[in-house]
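Q: Hi! Could you walk me through the side-chain contacts in this one?

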Amino acid sequence: MKNKDLKKVYNSVYSKGSSGFYTYSSFPESLAIIQLISNWANLDVLEIGCGEGRLAAMLCFAEAHRVKAIDYSKEAIEIASSRLSLPALELACQDYKEERERYDVVILQGVLEHMDCPWQTLEEVMKNNVKKGGYLITSSPSFVNPRGYVWMALKTLLEVPMSLSDLHVLCPHDFEEFAEKNGLDLEMVAV
């Protein structure tokens, strides 16, 4: 499966109702993201892969100056648009590669593991969308735990998919290597 195939999957998920697809609440993760920055006022934020817009709404309530939330699922954006009407929020159905503006903060919550080339994606986003001195915040499920070790073994030995939509296993040491290679400061938080 490739990321382009996932667009069909997610359009189907959102058209049927996402509550039957996702098995966990992303609220604690979203709250941890909000708490990473003490003052969101005057910050322009881009959220890539916003889904139904929950984190984007939280960023608006945290008083971000402007939040542009994008997703390539038309169904997800339609749901977000029907539920959210916030002055600081702009919703758009688009691929992240189409975004040309730079932001103080770019967020990819639970998105990288779905990308064909996650490290290339991060490099592109940093180059094209993060202002100098800005922040790139990303979250991914950690498989550095007993459940993850079993899944990784099944994937490696039997080519069993990690999930219905994850294309990659991203571990903390991968992010450490990426940050070191690119001369970036890295802060990790477990949720």
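A: Happy to, starting with rings: those of Phe, Tyr and Trp (its six-membered ring) pair if their centres lie within 6.5 Å, and planes under 30 degrees apart count as stacked, over 60 as edge-to-face and the rest as tilted. By this rule the count comes to two aromatic pairs. This is a predicted model, where local features need pLDDT of at least 70, side-chain atom pairs count only at pLDDT 80 or more, and totals for chains, interfaces and linings use all residues. Residues are numbered from 1 along each chain as its sequence is written, and side-chain values use heavy atoms, with hydrogens and water left out.

Q: How are the rings of Trp119 and Phe175 arranged?
A: Their centres are 5.1 Å apart and their planes at 75 degrees, so this pair is edge-to-face. The pair links distant parts of the chain, with Trp119 in helix 5 and Phe175 in helix 7, 56 residues apart. Helices (H or I, at least four residues) and strands (E, at least two) are DSSP runs, numbered from the N terminus.

Q: Is Phe175 buried or exposed?
A: Phe175 is buried, at 13% relative accessibility, while Trp119 is partly exposed at 24%. The cut-offs are under 20% relative accessible area for buried and over 50% for exposed, with partly exposed in between (1.4 Å probe, protein chains only). Trp119 and Phe175 also form one aromatic cluster with Phe178.

Q: Switching to charges, how many salt bridges are there?
A: A search of the whole structure finds ten. A salt bridge here is a side-chain nitrogen of Lys or Arg within 4 Å of a carboxyl oxygen of Asp or Glu.

Q: What does Lys181 form a salt bridge with?
A: Its partner is Glu123, with the closest N and O atoms 3.3 Å apart. Lys181 sits in helix 7 (residues 172-181) and Glu123 in helix 5 (residues 118-129), so the pair links distant parts of the chain, 58 residues apart. Lys181 is exposed, at 64%, and Glu123 is partly exposed, at 29%.

Q: And which residue does Arg83 bridge to?
A: That would be Glu52, where the closest N and O atoms are 3.4 Å apart. Arg83 lies in helix 4 (residues 74-83) and Glu52 in the loop between strand 1 (44-48) and helix 3 (54-61), so the bridge ties together parts 31 residues apart in sequence. Arg83 is exposed at 55% relative accessibility, whereas Glu52 is buried at 6%.

Q: Which residues are linked in a network of salt bridges?
A: Asp44, Arg66, Lys68, Glu90, Glu99 and Glu101. Within that set, Glu101 bridges to Arg66, the closest N and O atoms being 2.3 Å apart.

Q: Back to helix 4, which residues are buried there?
A: Ala76, Ile77, Ile79 and Ala80 are buried. They cover an arc of only 160 degrees around the axis, which puts them on the same side of helix 4; the arc is that of the directions from the helix axis to the C-beta atoms. The face turned away from the buried side carries exposed Lys74 and Ser82.

Q: Last one: which residues touch the most other members of the largest nonpolar core?
A: Of its 24 residues, Trp40, Val45, Leu59, Val67, Val105 and Ile107 do. Helix 3 gives the most to this core, with six residues. A nonpolar core is a set of buried Ala, Val, Leu, Ile, Met, Phe, Trp, Tyr and Cys residues joined through side-chain atoms within 4.5 Å.
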